[in-house]
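Below is a briefing on the side-chain contacts in one predicted model. It covers the nonpolar core, the charged pairs and the aromatic pairs.

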Amino acid sequence: MRDPAVPQSVRWRVNASGGISSSPSYGNGTIYVDSNGGVLSAIDYRTGSVRWRFHANNKLMSAPLLYGDTVIVSSGDEQSRVWDPPHYVVLGSGPSTLYGVDARTGRERWHLGIAGTGMPTGVVAGGLYIHVNGTGTMIALDPLSGHVRWRTNVASSSAMTALADLGDGTILGSGGFPNAVYRVRARDGTVVWDHRFPDCAAAFTDQPVAADTRHVYGGYLKLLTPNPRCFGVRAEGVQHAYALDLRTGKLLWDRVLSRGEVPSRNEGAIPLVHDGIVYMGSSLAPEMHALDGATGRLLWKRTVRGAVKSGSVIVGGKQYFGDLGGMLWALDSKHGTIRGRLHEGLPFNVGSPIVVNRTLIIGSRQGAVLAIPIDAVR
Amino acid sequence: MHYALLLAAFASLWTFRAGSAVVAAPAASGSNVVVADTQGDVFALVRATGKVRWSTIVGNGVWSAPIVFGNRVIVSTGDHEFVAVDPPMYAVAGAHPSGIVALDKRTGGITWEYDLAGSGAPAPALSGSTLIHHDGSSEVLALDAHDGAYRWRTFAASTAAWNAGVTVGSDRFATSGMFPNSVLILRVRDGVVIHRISFPPRALGFAQARIATDGKRIYGTYFLTEPLPVEHLYAVDVNSARVLWDHAVDQGANAAQLPQLTVRGGIVYAGSPFRNMMQAFRAANGTKIWEAALRGRSVGGAVIQNDTVYAADGGGMITMLDAQTGAVRGSYNAGSDMQDSTPAIIGDMLVVGSANGTVHSIPLAEIRP
C-alpha cells in the first residue's frame, strides 16, 4: 500500500508483548499489530514508537481490521473446548471476544463475547463486520456499534483462518470438522455453496483461502497413515493444494506439493494469488511453490531456510515472505529466482508481512515487529 | 396391611446438606436417591436414611434433574453466566466449562463425558437411547446415552441458558431459546428442525423458562416488559406449529424467575413469579381453573400424584393441593427456601432440595392437614 504522507522507507524494531500470529494493518501513519500476549499495539510508522496499547482478555491472533477510525480485533486461544474429530470440534477454551477499539486513542468502543475462539480474522463486507469463530458460528455486526445483525452456523470450526471479501456481496471462508470451504452471502449469511473435503484431512481450521475472479485456492494436509481420530501430530503428512470453481464450488484440481512431519500447531500455509499464479509455502517442508492457478501445474519451487506458514506479498515483481528459519526472502515472482534475502534471526511463523510504501512490516513468533526497507532484502 | 406397614417402615424423614443450592429434581436410582447441587457435586443418598453412598464432583453446577439410564446417572453441568447478550439477535450463555457427564450409578465413577461449547445448565432429554441437549452456544447436540458417542448436532440459532428440552412422543425433541426468541421442534433421528415458532423480539425468558408437553402441545411462559413485567403463558400445537393460545397471566414487580410448568390430565400447573400461589390452567385454551395461596413463591415446578399437586415454596412450606379444585389438603413445614427447587416423589417420599443445600425427604403421609 502507498501513503505519500509518510516516508518511503523506515527501519525499526518494536516488542509487541508476545508472539505475533497475524498480519499487521496500516492506516493514517500507524501500524496496528496483535500479539499472543493479548495486546493490540498502535505503532507510529515513522518512528516505531508505540502510541498506545490495548489489552484484551485473551490472546490476539487475528489480524487487526481498520474500519474508519475503529480497529476491530478478536481474542481467543487455540485450546479445544470440544474435541471429538471428525464429528464435532470447538476451539477456544478461554474467554473469546470481538472488540472495537478507537484507532486514535486505543480506548474500547464496544465488545461482544463469542462462544468459540476469536483467532480467525473477520472481514468487512456490505457494511457489516463478519466473523466466524471456533464454534463455526458466523456473526455479522455493525462495525461501529458492535450490534449483531445476523448469525448463522457454518458447522466447521475455525482457528487461524480468515474470511475473504469477494466484493460482490459474498464472502469466502474455510474451517475444519467438517472440512469445508464455503461461500456465504454477506447480507444474511445464506450459504451460496459449501464444498466438503474428506474427514481425515488437516489444516482446514488453520488455512485461509485466496481467490481471484474465477477460482478459490487453498491447501490441506493428508496423513500418510490415517487414524480414526484424523489427527496426526508428529505423523508424516503430505501437503495438497487445490482450486475450486468460484461460481459453483466444484473442485477443479488438487495436487501434492510437499511431504514432511505434521507440526503440532499451524498446519496451514497461507496462499496468495497474483496475476493467475498461486503462491503457497509449506508447514511440512522449507519450500515456496508457485502454481498455475488455472491448471495447478507447478511453475517453480524454491527451497528456503525453514517452513513457510505465513502469506507473502508481491511488490514490483518480487515476492516477499519470512520463514521459520528466521530468513526474509525476495524471490522473482515469475521464476522463483532469489532476488534477495536477509537473515533477521527471528522465526517468522504465521504473521504475514505487509508493505507500506517501500517498507516491509512483519511480526515474528518471538514478538518483535520489524520495519525493514524492502531494498534491504537483497 | 402387611404391605402398608412395610411402606411405612421404608418411608423416613431425613435431611441431607449439600454444599450449595439444590434446585434440580432428585432422581430415583435403585435404592438410592441422586441429588446434584449448583456447585457440581452429585450425591447418591440411601433412600431410607439419606446417608451418602457416593459423591462425585462433575466440575460445574447442575441445574437440571439427573437422568437415570440403565446403569448410568447422566447430568449436564454448566453455569448461568451470559458471555454476551445483544437483543434481539444474539446471546451466548456459559462462561465456564460445561459438559454432559455419565456416572456409574453404583459407584459414582465417571464412565463418559462430553464437553459442550456453551452452558450445560439447560436440561437434556432422553429419547430411547438418544440424549439430546440444547446449550448456551445455540447448538443442539445428540449423543448415545450408553457411551456418549456423537450422533448429530444442529445449530438452533437461538440460545438456551437454563431452560429444558423435552421429548415429544418417540420421534421429536422440543426446546426453546432466546434472541431470536423461538420454540423449536426437531426430529430425534437426525436433528432436522421440523418447526421453528417465533415469538416477539422484546419478550424475555425463552432461554430460562422450561417448556412442558403433553405430547399434543408445548406449553411455555415468557415475560413482556411494559413497563412492569407481564407473564405470558402459551401453548403451541406440536403438529401444526400454530400458537393455539397466548395469554397475559399476571403482572407485577420484583419478579422471580418464570415458573416451571407441569402438565397432567389436561391441566397446566404453574407457580407465579409475582405472588405466593399455585395456579391451574386449562390446557386446551389457557383459561384459569383455580389458584391457591402458598406461604412463599414456588417456581421450581410442582409434582403431581393421585390427583394431588405438591408444591414447595420459598416460605419453607410444602403444600398438598387438590389437582382439580386447588383445595388445600395438607402441608408440611420444611423450613428451607424451596422457591426454585423442583420436588420429586420417590416411592412414598417427597424429596426436594433448597436454596441453602438442604435436601428434605418427607414421607407423603407427613404432609397432612
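How many salt bridges does the structure hold over all chains? The structure holds 25 salt bridges over all chains, a salt bridge being a side-chain nitrogen of Lys or Arg within 4 Å of a carboxyl oxygen of Asp or Glu. This is a predicted model, in which local features need pLDDT of at least 70 and side-chain atom pairs count only at pLDDT 80 or more, while totals for chains, interfaces and linings use all residues. Residues are numbered from 1 along each chain as its sequence is written, chains are lettered from A and ligands numbered from 1 in the order in which they are written, and side-chain values use heavy atoms, with hydrogens and water left out.

**Salt bridges in chain A**

- Asp168(A) and Arg183(A) form a salt bridge with an N to O distance of 2.5 Å.
- This pair joins distant parts of the chain, 15 residues apart: Asp168(A) is in the loop between strand E16 (164-165) and strand E17 (170-175) of chain A, and Arg183(A) is in strand E18 (residues 180-185) of chain A. Strands (E, at least two residues) are DSSP runs, numbered from the N terminus.
- Arg183(A) is buried at 9% relative accessible area, whereas Asp168(A) is partly exposed at 45%. Buried means under 20% relative accessible area, exposed over 50% and partly exposed in between, with a 1.4 Å probe and protein chains only.
- Glu287(A) bridges to Lys301(A), with the closest N and O atoms 3.7 Å apart.
- Here too the partners sit in distant parts of the chain, 14 residues apart: Glu287(A) in strand E27 (residues 287-292) and Lys301(A) in strand E28 (residues 298-303) of chain A.
- Glu287(A) is buried at 13% relative accessibility, and Lys301(A) is partly exposed at 42%.
- Asp142(A) and Arg149(A) meet in a salt bridge at 3.4 Å, N to O. Asp142(A) is partly exposed at 22%, and Arg149(A) is partly exposed at 42%.
- A network of salt bridges links Asp69(A), Asp102(A), Arg104(A) and Arg109(A).

**Nonpolar core**

- The largest nonpolar core has 27 residues, of which Phe199(B), Phe206(B), Ile218(B) and Tyr234(B) touch the most other members. Such a core is a set of buried Ala, Val, Leu, Ile, Met, Phe, Trp, Tyr and Cys residues joined through side-chain atoms within 4.5 Å.
- In chain B, at least two residues of this core come from each of strands E9 (90-93), E16 (166-168), E18 (182-187), E21 (217-225) and E22 (229-237). E21(B) gives the most, with 3 residues.
- Beyond four places in sequence, the contacts (heavy atoms within 4.5 Å) of Tyr234(B) include Val183(B), Phe199(B), Phe206(B), Ile218(B) and Trp245(B).

**Aromatic pairs**

- There are 23 aromatic pairs over all chains. Rings of Phe, Tyr and Trp (its six-membered ring) pair if their centres lie within 6.5 Å; planes under 30 degrees apart count as stacked, over 60 as edge-to-face and the rest as tilted.
- Tyr26(A) and Tyr45(A) have ring centres 5.8 Å apart and planes at 75 degrees, so the pair is edge-to-face.
- Tyr26(A) lies in strand E2 (residues 25-27) of chain A and Tyr45(A) in the loop between strand E4 (39-44) and strand E5 (50-55), so the pair ties together parts 19 residues apart in sequence.
- Tyr26(A) is buried at 12% relative accessibility, and Tyr45(A) is buried at 0%.
- Phe197(A), Phe204(A), Tyr220(A) and Tyr242(A) are linked into a cluster by ring pairs.

Notes
Helices (H or I, at least four residues) and strands (E, at least two) are DSSP runs, numbered from the N terminus.
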